[in-house]
Amino acid sequence: TQSFVGPHAVRTIEAHFTSDAVAGSPISNSATVAATDDVDSSNDSDSVSTSVTPVIDLGLDMQARNPIAGGFRVGTDGSYRFTIKNNGGVPTTASTTLTVTLPTGFTPILPSVAGWSCGIAGQQVTCTRPSPVGASESDIVDVSFHVTSTAAASSTTNASVSTSGDTNSANDDAQDTINVSRIDLGIDKSHAGSWTGGQPGSYSV
């Protein structure tokens with residue numbers, strides 16, 4: 001709403017939106033203006049049509065698998081499941097790469113995933129899919145590791161997915177911080193009273 005528009009004045013209003021229209025389908029937008037004492041209503045409305053251009057939009061989600069008491073435990077194996085989805089309207093046109101950086105104390109185990117080629121360099125696991133990821137298609141990569149005593153009580157794993165032509169980098173990264181527990185056995189030994197020679201005695205352990 002504008003209280004006053006002077007003679008020959010121009011006012012510009014921008015409207016921003018996110019479209020959920022199917023890629024390739026047309027979008028039509030119309031606008032109307034009205035004012036008291038407007039003498040010519042024939043030019044008070046206008047419309048424009050455009051089409052939705054399909055794009056590549058990879059997204060990444062990660063979930064801890066089989067956590068023990070809400071986390072991982074030293075001396076056991078753990079894993080993360082990574083879901084890679086093309087949220088866009090066209091298939092990818094180049095290889096897709098998943099990069100996972102494990103924290104200190106998480107010794108990576110080489111993944112074996114159909115359609116992916118994986119390698120390990122230090123704490124980093126890299127998996128590459130050479131074939132296209134179709135529109136709305138999802139794929140899964142599980143990355144396992146052995147938790148050692150050098151792992152911190154709170155350990156963070158970072159991951160990212162990438163491909164050429166991805167138009168939205170905001171959903172390409174994932175991170176998870178999880179507790180790491182340790183088994184800590186203890187022993188205590190005691191006895192009650194004094195012992196007399198030649199008589200039985202006992203300890204409580």
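Trainee: Why is the disulfide of Cys-118 and Cys-127 right-handed?
Mentor: The torsion about the S-S bond of Cys-118 and Cys-127 is about 115°, so the disulfide is right-handed. A disulfide here is a pair of cysteine sulfur atoms within 2.5 Å. This is a predicted model, where local features need pLDDT of at least 70, side-chain atom pairs count only at pLDDT 80 or more, and totals for chains, interfaces and linings use all residues. Residues are numbered from 1 along each chain as its sequence is written, and side-chain values use heavy atoms, with hydrogens and water left out.

Trainee: How many disulfides does the structure hold?
Mentor: It holds one disulfide. The S to S distance between Cys-118 and Cys-127 is 2.1 Å.

Trainee: Is Cys-127 buried or exposed?
Mentor: Cys-127 is buried, with a relative accessible area of 1%. Buried means under 20% relative accessible area, exposed means over 50%, and partly exposed lies in between (1.4 Å probe, protein chains only).

Trainee: What about the whole protein, how much of it counts as buried?
Mentor: Of its 205 residues, 25% count as buried.

Trainee: New topic. How many helices and strands does the protein have?
Mentor: There are zero helices and 12 strands. Both are DSSP runs numbered from the N terminus: helices are H or I with at least four residues, strands are E with at least two.

Trainee: And which share of the contacts is between residues 24 or more positions apart?
Mentor: Such residues account for 66% of the contacts with a separation of 6 or more. Contact means heavy atoms within 4.5 Å.

Trainee: Now the rings. How many aromatic pairs are there?
Mentor: The structure holds six aromatic pairs. One of them is Phe-72 with Tyr-80, edge-to-face at 5.7 Å centre to centre and 85° between the planes. Rings of Phe, Tyr and Trp (its six-membered ring) pair if their centres lie within 6.5 Å; planes under 30 degrees apart count as stacked, over 60 as edge-to-face and the rest as tilted.

Trainee: Are Phe-72 and Tyr-80 buried or exposed?
Mentor: Phe-72 is buried at 3% relative accessible area, and Tyr-80 is buried at 1%.

Trainee: Why is the pair of Phe-106 and Phe-145 stacked?
Mentor: Their ring centres are 4.6 Å apart and their planes are at 15°, so the pair is stacked. The pair links distant parts of the chain, with Phe-106 in strand β7 (residues 106-109) and Phe-145 in strand β10 (residues 138-147), 39 residues apart. Phe-106 and Phe-145 are both buried.

Trainee: Which residues do the ring pairs link into a cluster?
Mentor: Phe-72, Tyr-80, Phe-82, Phe-106 and Phe-145.
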